[in-house]
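Keep the structure open and follow along.

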Amino acid sequence: MSDMVYDLIVIGAGPGGYVAAIRASQLGMKVCVVEKSDTLGGVCLNEGCIPSKALLDSSEHFAQARDKFSQHGVIIDPPRLDLARMQGRKADVVKKLTDGVVFLFKKNNIERLQATARIGTVDGELRTVHLSGGAAGEATVKGRRLLLATGSRAAEIPTIPFDGEFVVDARGALSFDKVPEHLVVIGAGYIGLELGSVWRRLGSKVTVVEMLAKPLPATDGQVADTLVRSLKKQGMTFHLDTKVVSVAKLNDKISLNLEGPGGPVAIDCDRVLVAAGRVPNSDIPGVLEAGIKVDGHGRVTVDENYMTSVPGIYAIGDLVAGPMLAHKASEEGVVCVERMNDEKSVVDYEFIPGVVYTWPEAAGVGKTEEQLKNEAVPYAVGRFSFMANGRAKCLDETEGFVKVLAHPETGRVLGVHIIGPRASDMIAEAVTAMTYGATAEDIAMTFHAHPTLSEALKEAALDVGKRAIHS
Ligand code: NAI
């Protein structure tokens, strides 16, 4: 290892770093990845996207069996929860996927170095990275280029510090070994609504506290309102426009004092999930000494090639500006190494889809109505309810709608927003259409198999010209 000069050293094996490493290897680079954890895949695979979706799917099955099977004529005794088994299945899904990354590293001849990395000095054309504290031992590696992909961590609210047991971040809330009686969620963002849903379905009382007047500010307003209405129907309580004033712990109970539009509110609970955003892990040892510029939000500053202020050192994903999403990090990883290879690849930042994996799911791409209004862009709206979609009726999942926003003259699709069953999968068609500059008419004239949920997108596209057939 010590004599090897790598073309690329990647620090961090999350969806940004590991995907970049594979693409770099495909392009003929000799690559190593330094990762301090003993598993690959980063937060996404180990303690974020994947385990949360595993629990969301399992808890949705439980809720369906309890609340919905009888409507389908499937009569069962009330289902019982085996939380240890549910958590075990989650761990199994995570293990299979992280093992999959190990396999991909072997297949692509990527060297995996388990260690904490410290960025060293530039030695001629070479960047050095010092390794310590892991299976790779104490060592120094040299590379022509260095890519930082160390991701982000949960932001801590100073008045409600994490204690790993009663006040937890998403990682903690994915690993409860019993269902909390009362879970208070601070922050009605992606993590708060998804993990709040998991524990509500499994029987917790769930109270969500959000400092803004509306949750999910980047989401289309109608979609966000419909989602909150639905989550309230499922039994979640929301305190919007509300601040946490103080928190006290007595024995196994936590007392929170809130200040909301109606005055002070006191809540007792047994667990608090703080999901108030994430901060970039830009405090990589050696960053400052190397002269890598970091902005006031802790994000590493990069140019259009993802190069930092230090030549030959690059950064992608949650470390740099933009939404903290796994698919954004992976795309940046691919484009970053392709640009190192003199290819003219680009990330289409306009068309990054966002998904909230609650039930119903919410997904969107492009501009929201609020953004179009603010930017004074004229638009026409087409909408179609899942109530009138045959497949949604068969599934008994008729809550929600698809909304297509298009330019009234050119017809070009400006945004698509969906709340409903499997919105996460349906949004892909809208992303493809918009990436290729499609008009609403293009979507409307494309075959959509019958009966499928995707017909709701076709009908919403038809509705832009007031030609929807089933509404
Ligand atoms: P977020 O930024 O989505 O939401 C945080 C919420 O907390 C905001 O609504 C904010 O107003 C509120 N908040 C902040 N401080 C507060 C306080 N003191 N009291 C009450 N409310 C407060 O952040 P979240 O949910 O923690 O997720 C972090 C990142 O992870 C996001 O950027 C998201 O993109 C990503 N993520 C994406 C998922 C997905 O794609 N489905 C799932 C989970 C996370």
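Nine of the twelve residues of α6 are buried, so this helix is largely enclosed by the rest of the structure. The model is a predicted one. Buried here means under 20% relative accessible area. Which residues of α6 are buried? They are Gly 192, Leu 193, Glu 194, Leu 195, Gly 196, Ser 197, Val 198, Trp 199 and Arg 201. An α-helix has 3.6 residues a turn, so residues three or four places apart point the same way.

The helix itself covers residues 190-201. From its first C-alpha to its last, α6 reaches 17 Å. That is close to the 16 Å expected at 1.5 Å a residue. After α6 comes Gly 203, with a positive phi near 120°.

Now turn to the strands. Strands of a sheet pair through backbone hydrogen bonds, either parallel or antiparallel. Strand β6 shows both senses: it runs parallel to β1 and antiparallel to β5.

Take β1 first. It spans residues 5-11, β6 spans residues 139-148, and six bridges join the two. Ile 9 has Leu 146 of β6 as its bridge partner.

Next comes β5, residues 126-132, which pairs with β6 over five bridges. Arg 127 stands opposite Gly 143 of β6. β5 and β6 form a hairpin with six residues between the strands. Gly 133 in this hairpin takes a positive phi, near 70°.

β6 also pairs with β17, residues 313-315. Three bridges join these strands, and they run parallel. Here Leu 148 faces Ala 315 of β17.

A separate topic is the open sheet of five strands. What is the order of its strands? It reads β18-β19-β22-β21-β20, with antiparallel pairing. β18 (354-356) and β20 (380-385) stand at the edges, each with a single partner strand, so one side of each is left without a neighbour in the sheet. From one strand to the next, the twist averages 10°.

Within this order, β21 and β22 are neighbours. β21 covers residues 401-406 and β22 covers residues 413-420. They pair in the antiparallel sense over six bridges. Val 402 has its bridge partner in β22, namely Ile 418. In a regular strand the side chains alternate between the two faces of the sheet.

Another open sheet has three strands, in the order β12-β13-β14. Its pairing is antiparallel. β12 (243-250) and β14 (263-269) are the edge strands, and each pairs on one side only. The twist in this sheet averages 15° from one strand to the next.

β12 and β13 are joined by seven bridges. β13 covers residues 253-260 and runs antiparallel to β12. Leu 250 stands opposite Lys 253 of β13.

Finally, look at the surface. Phe 69, Val 74 and Ile 76 form a nonpolar patch there. Together they have about 220 Å² of accessible area. Where does Val 74 sit? Val 74 is in the loop between α3 (49-67) and α4 (83-107). Is Val 74 buried, partly exposed or exposed? At 39% relative accessibility, Val 74 counts as partly exposed, because that class lies between the buried limit of 20% and the exposed limit of 50%.

How values were computed. Residues numbered from 1 in each chain as written. Predicted model: local features only at pLDDT ≥ 70, side-chain atom pairs only at ≥ 80, totals over all residues. Heavy atoms only, no water. Patch = residues over 30% accessible without salt bridge, like charges linked within 9 Å, V, L, I, M, F, W, Y side chains within 5 Å. Areas by Shrake-Rupley, 256 points an atom, 1.4 Å probe, with all protein chains shown as cover. Salt bridge = Lys/Arg side-chain N within 4 Å of Asp/Glu carboxyl O. Helix = DSSP H or I, 4+ residues; strand = E, 2+ residues; numbered from the N terminus. Buried < 20%, exposed > 50% of the residue type's maximum accessible area, 1.4 Å probe, protein only. Expected span 1.5 Å × (residues − 1). Pairing = 2+ DSSP bridges. Axes fitted to C-alpha atoms, helices over the stretch in contact; angles between N-to-C directions.
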